[in-house]
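Colleague: Could you walk me through how the helices and sheets pack here? I would like to go piece by piece.

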Number of protein chains: 2
Amino acid sequence: MAHFEKQLSSEEIFAGRVIRVTVDKVELENGRTSTREVVHHHGGAGVIALNDRDEITLVRQFRYALGKELIEIPAGKLEPGEDPFDSAQRELGEEAGLTARTYRKLGETIPTCGYDSEIIYLYAAKDLDATKQHLDPDEFVSVFTMPLSEAVDKVLAGEITDGKTINAILMLHTLRERGEF
Amino acid sequence: MAHFEKQLSSEEIFAGRVIRVTVDKVELENGRTSTREVVHHHGGAGVIALNDRDEITLVRQFRYALGKELIEIPAGKLEPGEDPFDSAQRELGEEAGLTARTYRKLGETIPTCGYDSEIIYLYAAKDLDATKQHLDPDEFVSVFTMPLSEAVDKVLAGEITDGKTINAILMLHTLRERGEF
């Protein structure tokens, strides 16, 4: 049986630069009503770039919401209406200083389905060329490379914890094992 | 070099049942100030349970923020101060009707590091016994099993899109390939 919830009303609580928040009243399958707190977000795109030595490019940056630095694949927010693949290519250039001649879509990952509309579009890239890193003046990011096999080890050891980055590393690892990228 | 952002002030915008939202003023590395929209969340716990036939237990439920059903591992929100492992065991029982004699921590995954404090604690479980599913009256969830290998295929085919579920499936798959679980 398909499950559903029907929107009865929606009240906007906050409209910010990154997120919008609403509190909605919904009708459940049993006819009762409940409320849903919803974070609305335009989504993001990320790219795991593999060089000819089987190394991936990662970035280290401070994440204020967690109060610490995280290791991540290059990624960024979508502009409203922006094609995720355009965004992935832009972030790879701006954050990591790379262009790629070969891309493969890895999939769409929904990070926080319980209360957040965000979708992150993930891509793998190879056949890389260096271009010029171009960060915003207020963006502070350290770029480095790591063997893909070491990144898999660090995921399993709990040293890489960013969800989209874990997904991308293990997706690419599984594809490579199957000879599919 | 370590990156950082220093909190200058924090304004609470919304305090709900699931999330709290603040808009904070921060000082950046270059001395300039910026704002950070932050979703505060107590975190969650999820568990991927593997039976003796190499099948995992999954749940299908409607996710209002996305407007569709998703396939997920059993998971739930932490109560404030709750031990994530207690929560994982509770959710496995309540949602999937299972207890497990063997657990392994898979790691902590940060789903939405750009603006959300949420951490999801992931566990793998095996040596399962059936108990009684015990859903809340307003919780509608369909439980089913799927071979782990088929779940990996569905991740790579884009048919399983929930981030924590992709994390857990590929972590368990990689551990099993290494003979570590």
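Predicted model: local features only at pLDDT ≥ 70, side-chain atom pairs only at ≥ 80, totals over all residues.

Colleague: Thanks! Which residues of α3(B) does α2(B) meet?

Modeller: Helices (H or I, at least four residues) and strands (E, at least two) are DSSP runs, numbered from the N terminus. From α2(B), the residues taking part are L148(B), A151(B), V152(B) and V155(B). Their partners in α3(B) are I166(B), I169(B), L170(B), L172(B), H173(B) and R176(B).

Colleague: How do the residues of that contact divide into nonpolar, polar and charged?

Modeller: Ala, Val, Leu, Ile, Met, Phe, Trp, Tyr, Cys and Pro count as nonpolar, Asp, Glu, Lys and Arg as charged, and the others, Gly among them, as polar. On that basis the contact of α2(B) with α3(B) has 8 nonpolar, 1 polar and 1 charged.

Colleague: Are α2(B) and α3(B) roughly parallel or oblique?

Modeller: Axes are lines fitted to C-alpha atoms, for helices over the stretch in contact, and angles run from 0 to 180 degrees between N-to-C directions. Helix α2 (residues 148-156) and helix α3 (residues 163-177) of chain B have axes 10 Å apart and pack at an angle of about 130°. Angles under 35 degrees count as roughly parallel, over 145 as roughly antiparallel, 65 to 115 as roughly perpendicular and the rest as oblique. That makes α2(B) and α3(B) oblique.

Colleague: And in chain A, at what angle do α2(A) and α3(A) pack?

Modeller: Here L148(A), A151(A), V152(A) and V155(A) of α2(A) meet residues of α3(A), including I166(A), I169(A) and H173(A). The axes of α2(A) and α3(A) are 10 Å apart, and the packing angle is about 130°.

Colleague: Which residues make the contact between α3(A) and α2(B)?

Modeller: The axes of these two helices come within 11 Å and cross at roughly 110°, and α3(A) and α2(B) are therefore roughly perpendicular to each other. α3(A) contributes M171(A), T174(A) and L175(A), while α2(B) brings V152(B), V155(B) and L156(B).

Colleague: Turning to K164(A), is this residue buried or exposed?

Modeller: K164(A) sits in helix α3 of chain A. Residues up to four places away in sequence aside, K164(A) touches E72(A), I73(A), A75(A), I120(A), L122(A) and C113(B). Buried means under 20% relative accessible area, exposed over 50%, partly exposed in between (1.4 Å probe, protein chains only). With a relative accessibility of 8%, K164(A) is buried.

Colleague: What is the relative accessible area of V39(B)?

Modeller: V39(B) belongs to strand β3 of chain B. Beyond its neighbours within four places in sequence, V39(B) is in contact with residues of both chains, among them I19(A), V39(A), Y115(A), I19(B) and Y115(B). V39(B) is buried, and the value is 0%.

Colleague: Which residue is the bridge partner of Q61(A) in β6(A)?

Modeller: An open sheet of 3 strands in chain A runs in the order β6-β5-β10, with antiparallel pairing. Its edge strands are β6 (68-72) and β10 (142-147) of chain A. Strand β5 (residues 55-63) of chain A and β6(A) pair over 5 bridges. In β6(A), the partner of Q61(A) is L70(A).

Colleague: Last one: at what angle does α2(A) run to β10(A)?

Modeller: α2(A) lies across β5 and β10 of chain A. To β10(A), α2(A) runs at about 100°.

Definitions and conventions
Residues numbered from 1 in each chain as written. Chains lettered and ligands numbered in written order. Heavy atoms only, no water. Contact = heavy atoms within 4.5 Å. Pairing = 2+ DSSP bridges.
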